[in-house]
Structures are given as structure tokens and as C-alpha cells.
Amino acid sequence: MVKIETVEMHPQRWGDPAAAAPLPESARGLIEMAFGIDERPAVAEVVLPEADIDPALLDGLRDLLGPDHVLTDDEARRLRTRGKSTPDLLRARTGDLSDAPDAVLRPGTHEDVAGILAFAVEHHLAVVPFGGGTSVTGGLVARREGYAGLLSLDLLRMKRLLAVDHVSMTAVLEPGLRGPEAEALLAAEGLTLGHYPQSFEYATIGGFAATRSSGQSSAGYGRFDALVVGLRVATPVGELVLGSAPANAAGPDLRELVLGSEGTFGVITSVTVRVRKLPARKVYEGWRWPSFETGADAMRTLAQSGLLPTVIRLSDESETAINLARPDEIGGETAGGCMMITGYEGELGVVAARRREVSDLLTGLGGVCLGEEPGRSWSHGRFNAPYLRDSLLDVGVLVETLETATFWSNRDRLYADVKAALETTLGEGTLVLCHISHVYETGCSLYFTVATKEGPEPVEQWLKAKAAASDAMMAAGATITHHHAVGTDHKPWLAMEIGEVGVSILRAVKADLDPSGVLNPGVLIP
Ligand SMILES: Cc1cc2nc3c(=O)[nH]c(=O)nc-3n(C[C@H](O)[C@H](O)[C@H](O)COP(=O)(O)OP(=O)(O)OC[C@H]3O[C@@H](n4cnc5c(N)ncnc54)[C@H](O)[C@@H]3O)c2cc1C
């Protein structure tokens, strides 16, 4: 029996602060040199607005779900306010939790969810499906004006592995399972999903599907949307069950309409996923390239030769230098150039063969293998960056990430334009780091990390830079998001990306499935 114990995230920080390590002294020195240390005052006490909902409606919801599953206490409401973007954290740090829901509902079954939606339609209540709460694009910040109340529909109780088909290699998972919980249940069956976004420890199966998430091992296992075989969805107009065969030609694939719908068309109540055998071997290693360009070209060659490892990522010169900026490594053998991480997971023979083929190709293209140590170090620290963001915010350094994707032929232009937009808007002393996080035969995604000295209005400071970067993505013909989704933050750029007809399709589907607009109002649909 796999025991599942859910640790809640701190409302103003990432994850479980007990798991956060203090800023290392060496890093502190570097930060002082680059930005100066400006200790922030203790994080302000958070102020919750009074719940603004008729108590009789709460009684009605209690009749539906049972009294234990309708929470109105401050703690429950605090923990279900917004997501974990840097602006979300900055607002929470100043004590502003003005988007708090009036109540938190904890359904246990698909029927409970359907009942909540019917109740919400009848009483015109806004409903925000809540998975792990790791959204970085305002996907949990629904509009409340015009509604009789704002409810967080927390999927925390829906955490079962409902079925496993060892012959077809599929599993049916409930939406509230976090990454490690889903992996633990599958591991007990000798299986894995292989989906490891950086938010893995807290994000959920339902959230992965609702945002079309992509993980660090997606080159090998596939993006989350590629792993989804079937879905069960509760919508305000009824149930939608999709995925009766591994592939079909039965009209447009409606699964694609649900994937990425960010809780605006319905609530995903179970996901059937493709699974793999637990890998017998996992090995990661580092490669050095003379430049970002040569490393990126090598990635393209690999992808187009059908020879991708399970993990492949390449840091640009700045990100490589920062990652290696430890006193004992500066000037050392591994310093300089650009660092690539490759990783292989699977059966022993398959891993050995793929590793050999990839290594031969990369060596032929001018890469230098640095062995397993950089790979071990990456794998060990792969989920730590969000904790580091909190430590940097603590000393007055504004840090945030953004991502995009384009075709290979447009890669260099996109990289240069987004970097320039960020540097110009944020000014001198800003660090813009980039890595290629995902690759395809036809293109790749670029993931930027930005660090700058926090000004007096840090949220506005960041939003201005983000708008400039987003405009640069559009001007370069790239996408506004490769895997962070749209939420509320990316809506204006989504409209530019899909055009008037695209927007009208989204609005039509919304009007059909959620005619009274109770699901996540203001999210995704321009
Ligand atoms: C530090 C950090 C690192 C990250 N790294 C990655 C990464 O590597 N790759 C990546 O893809 N993303 C990443 N993200 C973004 C985020 O983790 C993903 O978007 C994730 O898929 C969200 O899952 P969640 O369960 O937390 O969903 P939530 O944040 O709770 O919800 C996200 C959206 O989906 C809706 N939703 C949630 N559950 C359901 C459901 N069952 N039915 C319908 N709608 C639902 C919500 O209403 C909301 O609009 C990162 C975020 C952070 C903070």
C-alpha cells in the first residue's frame, strides 16, 4: 500500500520551507558583487479579504459534499490563492491576498464535481479548479466581479490510481495526484509515467493535462499531452469521456480541446495515460560545446537523426557560467563554453546502445564529454531552483523565468530578440540566462531566467519586461508559451498568436460547454 501524505506549500514561498537550504556563502558573495545585498524586511503578514458569499449558499454546498469538505477558514483560503509566479509571490509577500476564494471545496468523486458545477450554474458562482497551485501564468486568478462568490475547487482528495492495463500499458489516474504520488503508485506496479517538470513535487496530473505541461525527460517520454490516451471531464452541460482507442480518425481529436483548456471548459476528473516499464538504468552526463550555436546545431542534428536521449538540455554561455560559478570550478577544466546535459533511461541494453550512438554523433560534431559528474549534479539539484528564487527575493534580487518555442531556422533571431528586450527594459546589470529545454525535429523551446535588482515597484518592473519579451516573441513569429500555458497573463499574446478566428473558436466552445461562464472566468479565453 503506497502511503500518500500531502505537504502544503507555504502561501508566500515555493514548496515546503523546511526543505529549503539557505543561500550558500559563495553564492551570496557573487550576488553581492552583481546586485548588492538588500535584505528585505520580514515578509508582511497576509491580509485576507472578508469572504463575500451568502452563508446559505455555503450550507447548500455542505449538504452536497458534507460539512468537512467545504472549508472557509483563513488557512484553507490562503493556501488556495493564486499560483507561484514571481508576481504572485511578490504580492503575497506584501500581504496582498486579495484574490482569495470565499471557500475551498474538496470533492472526492467525479459525481461530487458534477454536483458542484450544477450548483455553481444555478447560483452563478465562479469556480476555479485547483490542482497543485503551481501555475506561473495567473491560471488560478479568476475574475470574481459579477458572481455570487468565488470557489476554489480543490482536487486534493482525488488521488487514486483507478486502473492499470499491463497489456496495453495504460493507467487511469485521478487528477489530484501530485507527480511523486503518481510515480509511487505506478512504481508499485513496476511502471513509470516519466513526467518530470521542475514543479514535479507539487504539480498534479489534472494540472499537467489542463496546461499541456512538458517535463525535463519529455524528449524520451513525450510531453504530457502526448502521454494522454483518454480523459473524463465534468462540464456544466454534462460529462465528456474521450479516448476509446489508441488512435482514431473519428473527426477532430476532442482530447486536444480539453488538453490545455486550463479549467475553462470543464474539470478533468480522470486521465488515462500511456505508461512505461520502470527504467532499470538512469544515467546523465555533461557535454561541453564551444558556443551556444554549435551545441544547439548538434541538438538539431540529433533530433533530425531520430537519436534523442531521454533528457537533453543546453545552457547558453551566461547560464553555463552561473551554474559553474563555484570558486573551486572557476578556471577549472569544465569552465567556459556551454554545458549540455544528456540523460538516458530504460533497459540496460537500450540505454547503452543509445548512449553510444548519441555520444559518437556528438563527438563527431565537436562536443567534449565531461562524464557523469555534471549529470549527477544536475539530477541532484533539478528541483531546487524554485527555493533559490525565494532566497534571492529575500535579498532584493528579482528573479523570474519565461519560455517560448520556434522552428530551428528562427532560433537565433528569437534568442537574440527576447534577450535584448529583457536587457533593454530592465537596464544595466540585468542577467539574462537561457537554455534550450526541449527539442523536436523541427524546432526547440528557449527557456529564459532573468535576475535583476529589485526596484521600488517590482511587480510593475517585471510586467513591463515580460510584456517587452512577449512582444518580441510575437514579432519573431514564435509562440507565447511552449509549456507554461496561458492563464490570465498571456491572454493578449494568445489572441495575437491564434488570430480572430482562433479566438472565436475558443469562445464558441466556451459558450457551448459553459454557457453561464462559471468555470475560471477571465482565464485563457481572450
Ligand atoms: C517553479 C516552477 C517550475 C515549473 N516548471 C515547469 C516545467 O518544467 N514544465 C511545465 O510544463 N510547467 C512548469 N511549471 C508550471 C506549472 O507547474 C504547470 O503549469 C503545471 O502543469 C500546473 O499543474 P498544477 O497541478 O499545479 O495546476 P494548477 O496550478 O493548480 O492549475 C493550473 C491551471 O489548470 C487548471 N486545472 C488544474 N487542475 C485541473 C483539473 N483537474 N481540471 C481542469 N482544470 C484544472 C487550473 O484552474 C489552472 O487554470 C512550473 C511552475 C513553477 C512554479
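Me: How many cavities of 30 Å³ or more does the structure hold?

Reply: A general idea comes first. Rolling a probe the size of a water molecule over the atoms shows where empty space is left. A cavity is a set of points, on a 1 Å grid over the protein atoms alone, where a 1.4 Å probe fits but cannot get out. The structure holds 3 cavities of 30 Å³ or more. This is a predicted model, where local features need pLDDT of at least 70 and side-chain atom pairs count only at pLDDT 80 or more, while totals for chains, interfaces and linings use all residues. Residues are numbered from 1 along each chain as its sequence is written, and side-chain values use heavy atoms, with hydrogens and water left out.

Me: How much space lies in the largest cavity?

Reply: About 170 Å³. A volume is the space filled by probe spheres set on the points, with grid points joined across faces, edges and corners. The largest cavity is lined by 21 residues, and M9, L79, R80, F130 and G132 are the closest to its centre. Lining residues have an atom within 4 Å of a point.

Me: Into which classes does the lining of the largest cavity divide?

Reply: It has 6 nonpolar, 8 polar and 7 charged residues. Ala, Val, Leu, Ile, Met, Phe, Trp, Tyr, Cys and Pro count as nonpolar, Asp, Glu, Lys and Arg as charged, and the others, Gly among them, as polar.

Me: Which residues line the second largest cavity?

Reply: Its volume is about 60 Å³. Among its lining residues are R80, D99, V128, L150 and S152. That lining divides into 6 nonpolar, 2 polar and 3 charged residues.

Me: What lines the second largest pocket?

Reply: A pocket is an open set with protein on both sides within 12 Å along at least five of seven lines. The second largest pocket holds about 520 Å³ of space. Its lining has 25 residues, with R212, G260, T481, V486 and L494 nearest the centre. They divide into 12 nonpolar, 8 polar and 5 charged. Helix α18 (491-513) gives the most, with 4 residues. Helices are DSSP runs (H or I, at least four residues), numbered from the N terminus.

Me: Where is R78 found?

Reply: R78 is found in helix α3 (residues 74-79). Beyond four places in sequence, R78 is in contact (heavy atoms within 4.5 Å) with P11, V46, L48 and L97.

Me: Where does pLDDT stay under 50?

Reply: pLDDT is the predictor's confidence in each residue, from 0 to 100. The chain's mean is 94, and 97% of its residues reach 70 or more. Residues 327-334 stay under 50. For that stretch the model has 10 contacts beyond four places in sequence.

How values were computed: Helices (H or I, at least four residues) and strands (E, at least two) are DSSP runs, numbered from the N terminus.
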